[in-house]
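Work through the exercises below with the sequence and the model side by side. Try each task before reading its solution.

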Amino acid sequence: MPEDTAQVCVTDFDPADVDYAGWRERFPDLQKQCPVFKSTGQNGYWVAAGYPELTEMMRDWETFSSAKHWEKEGDVPTGGNVVPPVPARAFIPVETDPPKWKKYRFLLNPFFAPKAAKSYTGVVTEVATALIDRVIEKGEVDITRDFTNPLTALSTLRILGINYSEDEWRRWSLPFHQLAYARGTEEFGQCLADLEWIRQQLSAAVDLNWAEQQPGLFGTLCHANTAEGKLSKQELIDIGMMVLVGGVGTTTALFSNTMIYLSQDLEARQRLIDEPELLDKAKEEFVRYFSPINSQARTVTHDTEVCGASMKAGEQVLMALGAANRDERVFPDADTVILDRMPNPHVGFGAGIHRCLGSFLARVFFEVMFREVMTRMPDIMVDEARVRRFPSATSVNGLISVPATFTPGHKVGSGALA
């Protein structure tokens, strides 16, 4: 049980080592006692669980850094966006701070602004249509394995303009999911090997684009100019990795969780079908409620105090976005899905300078998936007894398998995956 130590709760509850149910059960009590508390797990780190406290800390990038560092090549890194740090190269720009962050973020912003994100709707729709064609006559689908995972991976690769073999999409997608849940398992070694394979593919794509620019976002970036000149190959690879991990993770988790919920609340589902204009508000509520990005990490840069917690330089802080999104001080009836909740200042996509670059694209993915599934599989029902969640929901509230059934339909003949 938590004990009050100088107004700060200290607990053995380790958010980095519990399943999804653990978050839901333990955070409310801890949050009320101490919006910022200390966990003794992972050699000790801080957890910001209250909404006002978390948002203020995430906006103070000078005190709470996202940057990942190595003393020398081959060392275990410090800092970064995950507790504990992932032994992989930094994702750019999410694991950088100004001034480096400004260079990368200002270069990338135009490609992920609302208008640019909307321009990718056609690509995403083509892929969604083709994927549904593959299962529509069967009357059964695994929402995660057959739809959300391949849709986000294939669409992101197409947007980037990266050449791929269709049968390789899992290799482009799976390691980014495993990165969120496979730490400490036998799978993790293969995950890191597959991430290295992806880096090699991106390296080859850089060479191809430098020789002759190819269509797509990645080709544009390969020839983009910054105040310091063109990006290096390593910078381009690290940016490509960031776009891929953002593209394949968040929306997959959001849509899969939403479909489970809409198999439980058929009245809410019918309302969304009958009132399509409601989806704009509802999708924000689903982001708040399910918090597909459950947490991010920061590193304290200098001794500071927050809510009575004396933090020392070098200590890590888990920014518990999922907990902040359930803070009753900000969200009345926080444990209830309110489709038309307004206002809804959720932090489902983070806060501060590192607010998710791809948040508008994630919304496009979600809207297309919802529209296509509700149009072609309106009676789809998830088999909850067979659902498999990530073993840990520390960073991503994701799912491995979401089997479902529906009334079979007909193909529409999309050749998008041919």
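**Exercise 1.** Is Thr250 buried or exposed?

Solution. The model is predicted, so local features need pLDDT of at least 70 and side-chain atom pairs count only at pLDDT 80 or more, while totals for chains, interfaces and linings use all residues. Residues are numbered from 1 along each chain as its sequence is written, and side-chain values use heavy atoms, with hydrogens and water left out.

Step 1: take the cut-offs. Buried means under 20% relative accessible area, exposed over 50%, and partly exposed in between (1.4 Å probe, protein chains only).
Step 2: apply them. Thr250 has a relative accessible area of 11%, so Thr250 is buried.
Step 3: Thr250 lies in helix H10. Helices (H or I, at least four residues) and strands (E, at least two) are DSSP runs, numbered from the N terminus.
Step 4: list its contacts, where contact means heavy atoms within 4.5 Å. Apart from neighbours within four places in sequence, Thr250 touches Pro292, Ile293 and Phe349.

**Exercise 2.** At what angle do helix H6 and helix H10 pack, and how far apart are their axes?

Solution. Two packed helices are described by the angle between their axes and the distance between the axes.

Step 1: Axes are lines fitted to C-alpha atoms, for helices over the stretch in contact, and angles run from 0 to 180 degrees between N-to-C directions.
Step 2: read the values. H6 (residues 143–160) and H10 (residues 233–264) have axes 9 Å apart, at an angle of about 150 degrees.
Step 3: classify the angle. Under 35 degrees counts as roughly parallel, over 145 as roughly antiparallel, 65 to 115 as roughly perpendicular and the rest as oblique. H6 and H10 are therefore roughly antiparallel.
Step 4: find the residues that meet. On the H6 side they include Phe147, Thr152 and Thr156; on the H10 side they include Val243, Gly247 and Phe255.
Step 5: sort them by class. Ala, Val, Leu, Ile, Met, Phe, Trp, Tyr, Cys and Pro count as nonpolar, Asp, Glu, Lys and Arg as charged, and the others, Gly among them, as polar. The contact of H6 with H10 has ten nonpolar, nine polar and no charged residues.

**Exercise 3.** Which residues does Thr156 contact, leaving aside its neighbours within four places in sequence?

Solution. Step 1: Thr156 belongs to helix H6 and, at 4% relative accessibility, is buried.
Step 1: the contacts of Thr156 beyond those neighbours are Val243, Leu244, Gly247 and Phe365.

**Exercise 4.** Which residues of H6 meet helix H7?

Solution. Step 1: H6 and H7 (residues 169–181) pack at about 105 degrees, with axes 9 Å apart. The two helices are therefore roughly perpendicular.
Step 1: Arg145, Asn149, Pro150, Ala153, Leu154 and Leu157 of H6 meet Trp169, Trp172, Ser173 and His177 of H7.
Step 2: by class, this contact of H6 with H7 has six nonpolar, three polar and one charged residues.

**Exercise 5.** Where is Met369 found, and what does it contact?

Solution. Step 1: Met369 is in helix H14 (residues 359–376), and its relative accessibility of 0% counts as buried.

**Exercise 6.** In what order do strands S8, S15 and S18 form a sheet?

Solution. Step 1: strands of a sheet pair through backbone hydrogen bonds, either parallel or antiparallel. Here two strands pair if DSSP finds at least two bridges between them.
Step 1: the sheet is open, with the order S8-S18-S15 and antiparallel pairing. S8 (140–142) and S15 (381–382) each have a single partner strand, so one side of each lacks a neighbour in the sheet.
Step 2: S8 and S18 (residues 403–405) are joined by three bridges, and Glu140 stands opposite Thr405.

**Exercise 7.** Which strands does S3 pair with?

Solution. Step 1: S3 (residues 36–39) runs parallel to S2 (residues 8–11), with two bridges, and Val10 has Lys38 as its bridge partner.
Step 1: S3 also pairs with S4 (residues 45–48), in the antiparallel sense over four bridges; here Lys38 is partnered by Trp46.
Step 2: five residues separate S3 and S4 in a hairpin, and Gln42 in the turn has a positive phi of about 50 degrees.
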